[in-house]
Amino acid sequence: MTPQDIYRSKLVTADDAVDMIGSDMDVAMGMAIAEPPALLAALERRIVGHDLQDIRLWYFHSLEQAGKTVLRPDLLGRVRPHSMFLSSVERALIKDDPEGGPYGAIDFVPVAFSESPHLLSEHVKLDACVTMVSPMDQHGWFTFGTSNDYTSTAARNAKRLIVEVNPNMPRVFGDSLLHVSEVDAIVEHASPLAEVLCGTPSAEEQAIGRIIAGMIDDRACLQMGIGTLPAAVCALLEDRRDLGIHTELMTPALARLIQCGAVTNKAKATYRGRSVFTFAMGDAAFYEFLNDNPAFHSLPVHLVNDPRHIAKNDNVISVNATLQVHLGGACNSEQVMGRQYSGAGGQLDFVRGATASRGGRSIIACQSTARNGTVSRIVPTLDGPVTTPRNDTQIIVTEFGWVD
């Protein structure tokens with residue numbers, strides 16, 4: 001059979017595809033932009049109709065599509081979220097949870113982003129994986145598009161793989177290929193990709209951004225997180241030369257450094273000439289730039305976030321944010337007032353990778369106060385877990401300056 005014949009034989013409706021999923025199953029969901037809207041809506045219909053019970057849903061970083069379908073508050077008795085990184089969706093579930101407690105409505109799974117593929121392949125026996133992919137080429141290959149991360153591993157370790165083909169999902173280069181023969185069911189659904197827009201940085205963020213940008217020289221290799229602060233830093237780097245990118249998250253702010261010529265990746269030791277990432281979020285113009293662009297190289301997160309792999313490049317500059325800093329240097333980047341707010345993500349992965357890099361710097365950004373200046377974020381006792389231990393913390397930056 002040709003790839004096209006195999007494709008047609010597996011092409012079904014979303015409702016028929018989710019018939020492969022039964023009660024009391026462990027299901028992995030593509031994260032962020034790769035949340036498959038048609039498949040999640042079909043799952044929602046089955047759950048609402050009481051056809052499915054006790055679904056354990058495994059994922060990182062959910063967005064609105066999951067929040068209005070399978071992660072609806074009224075479905076939590078039948079769906080049990082196993083979230084490895086909290087977004088506004090889970091924060092709302094926790095806030096409204098009548099049980100109270102630090103997590104209550106969800107099972108928060110503390111795990112480093114780099115270890116999530118190992119968790120979902122060795123410790124969780126996945127019954128199914130649902131995710132969005134880019135269209136198949138003439139040779140039978142899809143790509144994982146914006147979400148390689150843990151999804152590529154989960155897809156190949158689940159007993160059933162169901163993909164939603166969206167013509168708007170970027171086709172990416174790198175280790176992101178998925179052959180049609182590996183798929184159990186295919187659903188076609190064209191929909192706009194979710195857009196994650198960056199707001200305007202505050203005065204404090206602008207001050208922190210200027211300090212961090214002053215630490216970044218030509219030929220540095222960048223890892224930037226999400227939000228207005230990393231965007232503010234990137235906006236000040238357009239006059240640099242031969243920057244590189246090795247980051248878990250690819251954003252429009254980093255893409256603009258490629259477009260203006262500041263990023264060439266010439267000085268990198270690994271994947272020279274290409275910007276490495278494991279997942280991407282941004283706007284429609286960014287997705288168009290990402291599509292079929294050999295300047296980008298997508299890899300699974302267990303490779304991108306491996307500190308040993310990060311440190312192969314010289315002059316790695318890692319920029320991450322935290323919620324609280326202990327006087328001894330330990331960072332709480334996850335909890336606010338005893339409530340889980342976020343997750344460890346890849347922070348410690350890149351803290352250690354950048355510190356081990358020759359000429360590298362791990363930078364943790366933290367506004368000095370919260371609640372309009374009434375609460376200090378620099379404290380003698382942390383209100384939550386230690387995300388980055390004091391032995392690993394290198395540089396802390398606030399709007400008032402920096403310290404190693």
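Which residues touch the most other members of the largest nonpolar core? In this predicted model, the residues in question are I21, F142, I216 and L222, and the core they belong to counts 106 residues. Helix α3, which spans residues 37-48, gives the most to this core, with six residues. There is also a second, separate core of eight residues, and V304, I310, V316 and F350 are among them. As background, nonpolar side chains tend to be buried together in soluble globular proteins.

Let us turn to the sheet. Seven strands build an open sheet, and if you walk across the sheet you meet them in the order β4-β3-β2-β1-β5-β7-β9, with parallel pairing. At the edges you find β4 (107-108) and β9 (185-188), each of which pairs on one side only. In general, the strands of a sheet pair through backbone hydrogen bonds, in either a parallel or an antiparallel way.

On one side, β5 (residues 128-133) pairs with β1 (residues 26-29) in the parallel sense, over three bridges. To find this pairing by eye, look for A28, whose bridge partner in β5 is C129, and for M29, which stands opposite V130. Strand β5 also pairs with β7 (residues 160-165), again in the parallel sense and over six bridges. Here A128 has R160 of β7 as its bridge partner.

Is β5 enclosed or exposed? Six of its six residues are buried, so the strand is largely enclosed by the rest of the structure. In a regular strand, side chains alternate between the two faces of the sheet. Along β5, A128, V130 and M132 point one way, while C129, T131 and V133 point the other way, and all of them are buried.

Next comes a helix. In α8 (residues 203-213), the buried residues are E205, A207, I208, G209, I212 and A213. What do these residues pack against? Their partners are α9 (228-235), β16 (316-321), β21 and β25. An α-helix has 3.6 residues a turn, so residues three or four places apart point the same way.

Some loops deserve a visit too. Start with E334, which sits in the loop between β18 (331-332) and β19 (335-336). This residue is buried but has no salt bridge, and R91, the nearest side chain of opposite charge, is 11 Å away. What does the side chain of E334 join in a polar contact of 2.8 Å? The partner is the side chain of T387. Beyond its sequence neighbours within four places, E334 is also in contact with residues including F108, L323, R339, Y341 and P385.

T387 itself lies in the loop between β24 (378-379) and β25 (395-398). Its relative accessible area is 6%, under the 20% cut-off, and therefore T387 counts as buried. Leaving out neighbours within four places in sequence, the contacts of T387 include C331, N332, A344, Q347 and L348.

Another loop residue to look at is S357, placed between α14 (347-356) and β21 (361-365). With 4% relative accessibility, S357 is buried as well. S357 and A311 are 46 residues apart in sequence, yet their C-alpha atoms are 4.2 Å apart in space. Not counting residues up to four places away in sequence, S357 touches A311, N313, D314, N315 and V316.

Finally, take a look at two backbone angles. Most residues other than glycine have a negative phi. A32 has a positive phi, near 55 degrees, and is found in the loop between β1 and α3. D149 has a positive phi too, near 25 degrees, and its place is in the loop between β6 (141-143) and α7 (151-157). Are these two residues buried or exposed? A32 counts as buried at 2% relative accessibility, and D149 is buried with a relative accessible area of 0%.

Conventions. Residues numbered from 1 in each chain as written. Predicted model: local features only at pLDDT ≥ 70, side-chain atom pairs only at ≥ 80, totals over all residues. Heavy atoms only, no water. Helix = DSSP H or I, 4+ residues; strand = E, 2+ residues; numbered from the N terminus. Buried < 20%, exposed > 50% of the residue type's maximum accessible area, 1.4 Å probe, protein only. Lys, Arg positive; Asp, Glu negative; His and termini not counted. Salt bridge = Lys/Arg side-chain N within 4 Å of Asp/Glu carboxyl O. Contact = heavy atoms within 4.5 Å. Pairing = 2+ DSSP bridges. Core = buried A, V, L, I, M, F, W, Y, C linked by side-chain atoms within 4.5 Å. Polar contact = N/O pair within 3.5 Å; in protein donor to acceptor, adjacent residues only side chain to side chain.
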